[in-house]
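Q: Could you walk me through this structure? I have not looked at it before.
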Number of protein chains: 2
Amino acid sequence: MKPEVTLKKLAVMLNLSVSTISRALKNHPDISAETRTKVKELATVLEYEPNAYAIHLRTNNSKEFGIVIPAISSYFYHSFISSVEEEARRFGYSVIILQSGDDPVLEQENLKKCKQNRVSGVFAAITSKTEDIQSFLKLENQQIPVIFFDKVPAFEACNKVCVADGLAASMAAEALILKKKLAVLSIFGNKNLSITKKRLKSYTDTFKKHKTGTEIFTFHAGNTEEAFQIVLQAFAGQSKPDAVFCMSDEILAGAMKAVQKLALRFPKDVGIITISDGYLPKIYYPEISYTETSGHKLGKLAFSRMLACIAGSTVAQELSIDSKLIEGGSL
Amino acid sequence: MKPEVTLKKLAVMLNLSVSTISRALKNHPDISAETRTKVKELATVLEYEPNAYAIHLRTNNSKEFGIVIPAISSYFYHSFISSVEEEARRFGYSVIILQSGDDPVLEQENLKKCKQNRVSGVFAAITSKTEDIQSFLKLENQQIPVIFFDKVPAFEACNKVCVADGLAASMAAEALILKKKLAVLSIFGNKNLSITKKRLKSYTDTFKKHKTGTEIFTFHAGNTEEAFQIVLQAFAGQSKPDAVFCMSDEILAGAMKAVQKLALRFPKDVGIITISDGYLPKIYYPEISYTETSGHKLGKLAFSRMLACIAGSTVAQELSIDSKLIEGGSL
DNA sequence: TGTGTTTTCGCAAACGTTTGTTGTTTAAAA
DNA sequence: TTTTAAACAACAAACGTTTGCGAAAACACA
């Protein structure tokens, strides 16, 4: 059926041994220039491509990383992945992407697949329902480094890279303070996520520290629709907020939908600020001010950490990238 | 370094042969129940996972598909991929995703990687700059089916699955006609893409067919920013459009930004309609009416076509999924 | 002519599986 | 008791590569 071109086939055709073919193809000094060109010519004519499976089996080195992730749905994850892919290519690695659809069972299966493929390392963002980190730790025991990113477990002794959650939140708070906002509707995500806790804490701490009289109305939205409803209700009462803070893109989308429904003008009627990677804020007019969380930068950081682990670094580190305020005109 | 658990290791520990272990693990009738359980127990204790490379090498069947794609940036591609992954899982296949960043050179490399990994088939959306289809066709010659999707080449004799570009555009046109719109700003994408040509033709044909006096102002926008400018200018003059049609999400984002800048109310001041997979239209209020192009459905179709090809179907087909109008209240 | 040194290549083992074939034991049928 | 079959397990080859080692040929030096 599939007439695969192999070293052996080339060897037979040229009346040489398989090992000679193999060496010729990779410019081994043992092989004469004459033989080498002869081999290479035939290889290109026949479009020989080495069998990745055989190589990996033989060398016992897959030169491959796994990225296990709830979903590539967001711009943030997309830019993270692209960033890792780019670095991987530079270092001769390739990347396989495993989506779990935010399902812990599928996540387990994906980890298993990583193991079966003997990946050199795993980049992982856990699902919102992942409670047991054991299977990840087991990989580590088998010398397969695991770098958690973005959605990281609370467990201490593991490698994590994150956006500076605290910093981004507190910078947003400072921006609100600078604009002298007095009543800020503040919408955070799922209470149980560590990312929510971190952002919430830094956010409220910042307001406390500055001792402004700002009123903070804190809500939690599990999805876009909930954020939509929260904003609607917040503006239904008598005392209306003069600013809205959103913890993420998902929440921003819902909040802005409500802003449109209520026909609020921003920044005149209400100021808006969010934490984002930068795609969604730019589709509104005026563009939404946000504190940046760069998937691209995070990818670079995660990759360098991965290389360090492969090189033998054994201490678990928690690293983060900094953030900055991007003014869009919505605050 | 990496103490890999292999069949051989299990065999030594249990004083059995490798083949017995292998058979026990897969419930081969030759193996006694007693031995089988003994083997399975040890395997779970030691967390044995079969080496995927060895299996693939031995069986010469990778049970793996490649998806080569410019970028997973859009919701449409994301849902296509998820859909294919879902089907693949059902049939015991896995999927590797190769992004080219819309770079034909990287696209070539990704195809090579598919070949090196001896994938069972390739799903491909070509880059906007891909002119030479040869390398794709070569895969076909080597019994590796290629199913083009969404961004497909003009070349006839290949397998393509597309959203019903013509239908979606003409349905949008009919919706505009039904609402008795008189002056429609119609923004299409890159002139050279076949997808643009198809949508444009059906769109204008539909208006001609219905012999309405509708004025159609056609523009082409290469990106979101251009769409933004086009809308701004269209509304700068005296005679303002009473509706805007967008060919894609990318264009819709720019158009809506302009609508917000101009403080136009929709559907009162201006009607909006677009072609989309459904994510972006839903973040506006009121939600944007659109004719649907489902990445999910397209994935299912592509996969079934792939299975047919693997089963031996040799005729090249061009298939498409239908579309429907989703009313959002913007028209 | 003999010894030593390159140069160039082949042999064979190994990576972890799967699977057709063969061999041994046990138990049932004659 | 012998024959036959069934049950169970081992042997060995193969998938395509890489690589340490050895071998043959060519050449140089004495």
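The talk below turns to the DNA and then to aromatic rings.

A: Please keep in mind throughout that this is a predicted model.

Q: How many residues surround DNA strand D?
A: There are 27 residues around DNA strand D, and the closest are L7(A), Y48(A), R58(A), T20(B) and T35(B). By class, this surface has 9 nonpolar, 10 polar and 8 charged residues.

Q: Which element gives the largest share of the surface near DNA strand D?
A: That is helix 2 of chain A, which contributes 4 residues.

Q: Changing topic, how many aromatic pairs are there over all chains?
A: The count is 33. One of them is the stacked pair of F65(A) and Y93(A), whose centres are 4.5 Å apart with 15° between the planes. F65(A) belongs to strand 1 of chain A and Y93(A) to the loop between helix 5 and strand 2, 28 residues apart.

Q: Is F65(A) buried or exposed?
A: F65(A) is buried, because its relative accessibility is 0%, and Y93(A) also counts as buried, at 12% relative accessible area.

Q: Where does a lysine lie over a ring in chain A?
A: K257(A) lies over the face of F228(A), 5.5 Å from the ring centre.

Definitions and conventions. Residues numbered from 1 in each chain as written. Chains lettered and ligands numbered in written order. Predicted model: local features only at pLDDT ≥ 70, side-chain atom pairs only at ≥ 80, totals over all residues. Heavy atoms only, no water. Near = heavy atom within 4 Å. Helix = DSSP H or I, 4+ residues; strand = E, 2+ residues; numbered from the N terminus. Nonpolar A, V, L, I, M, F, W, Y, C, P; charged D, E, K, R; others polar. Phe/Tyr/Trp six-rings, centres within 6.5 Å; stacked < 30°, edge-to-face > 60°. Buried < 20%, exposed > 50% of the residue type's maximum accessible area, 1.4 Å probe, protein only. Lys NZ or Arg CZ within 6 Å of the ring centre and 35° of its normal.
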